[in-house]
Structures are given as C-alpha cells and as structure tokens.
Amino acid sequence: MRDDWYIDHDLPLIGLLAEVQGAISDELYGRLHEAGYGDIRPAHGCVFGFIERTGGARLTALADRSGLTKQAVGEAVADLERLGYVERVPDPEDGRAKIIRLSSRGREAAAAAEEIFADIDRRFGAEVGDERYADFRDTLRRLFLFTRMPARTPARVA
C-alpha cells in the first residue's frame, strides 16, 4: 500500500533535501552497478566527489573539501586503492607527501557517474523547467557556499 501523506504535507527543508538526495543516490549507485562499478559505495563519495580528475589531490585536501576527518577519507582511499580506482603517487612538490589520483578505472567510473548526474539534471530540468531548475541549482549552490563560510557556520553538535 502506498502512503501519499507527503503530497498534502510540506516536509521541513531537511526532509525535502534528504528525500531528493536519497533518490539521486539510489539511482546513481544502481546505475553504476549496472555499468560494472557495483563495488563503489556512498562512502567513496568523499574521494570521487572532491578529487581533481587529472591531477589528483592530497588526502588533507580531500578531507577539507568533503568535511570529513583524514582518518575517514583515508579509509575510503585505502578501499578504493584496493579496488583499483585510485593510486597513491609521490607529490612532486613534497617528497614526504602522497597524491591520490584516479586510475584509468577510476576515471572511467567518474565519467560514468558524471553522465548519470547529467541525465538526472536533464530530467529534473524537464520536470520543472530548465530555467527554474537552473535557478534552483544556483540557489542551492549559494546556500552551500554560505554554510561553508567559517564565520557563519554555527558550531556543530558532537
């Protein structure tokens, strides 16, 4: 039995964002699985979502960009390295540091994810209108940047 309660009830912002994010995530990982990348999990997003496609990035940069700890990102990197999606190479600017970069399989998976996201964007634009969707994305990006400003970000509850 389908419950349509939400049709007549306005969810709070966090609920709306969570539901849309969940639907996008389910589609992304389902389609990645169908494309042969079934071992990529949501926990790997802290790498795939924040790494430079060609040059790579240091672990500290990935942690800063994703808002996660170095330990958490390090675990995702180790898993992706074991799965053949990333590799660690010496940083040419600092011999003590390592650069994490996508392997050829990692670049293929990232390209597949980008195609999936582009398809989702096209469908969402078609649903609400391309201009309205572009405005929504712009507004959401501005709110994202607003929340990333250190002086305006409230302390997080531990």
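Is Y85 buried or exposed in this predicted model? The figures below begin with this residue. Residues are numbered from 1 along each chain as its sequence is written. Because the model is predicted, local features need pLDDT of at least 70 and side-chain atom pairs count only at pLDDT 80 or more, while totals for chains, interfaces and linings use all residues, and side-chain values use heavy atoms, without hydrogens and water.

**Figure 1. The aromatic pair of F48 and Y85.** Y85 is buried, with a relative accessibility of 0% (buried is under 20% relative accessible area, exposed over 50% and partly exposed in between, with a 1.4 Å probe and protein chains only). F48 is buried as well, at 11%. Four aromatic pairs are found in the whole structure (rings of Phe, Tyr and Trp, the last by its six-membered ring, pair if their centres lie within 6.5 Å; planes under 30 degrees apart are stacked, over 60 edge-to-face and the rest tilted). The ring centres of F48 and Y85 are 6.0 Å apart and their planes stand at 75 degrees, so this pair is edge-to-face. Since F48 belongs to helix α2 (residues 45–48) and Y85 to the loop between α4 (70–83) and β1 (86–91), the pair ties together parts that are 37 residues apart in sequence (helices, H or I with at least four residues, and strands, E with at least two, are DSSP runs numbered from the N terminus). Ring pairs link Y37, F48 and Y85 into a cluster.

**Figure 2. The largest nonpolar core.** This core has 25 residues, and L32, V47, F48 and L62 have the most contacts inside it (such a core is a set of buried Ala, Val, Leu, Ile, Met, Phe, Trp, Tyr and Cys residues joined through side-chain atoms within 4.5 Å). Helices α1, α2, α3, α4 and α5 and strand β2 (94–102) each supply at least two of its residues. The largest share, six residues, comes from α5.

**Figure 3. The surroundings of L62.** Apart from neighbours within four places in sequence, L62 is in contact with C46, V47, F50, I51, A57, V73, V77 and I100 (contact means heavy atoms within 4.5 Å).

**Figure 4. D91 in strand β1.** D91 is buried, with a relative accessible area of 7%. Leaving out neighbours within four places in sequence, D91 is in contact with R58, A97, K98 and I99.
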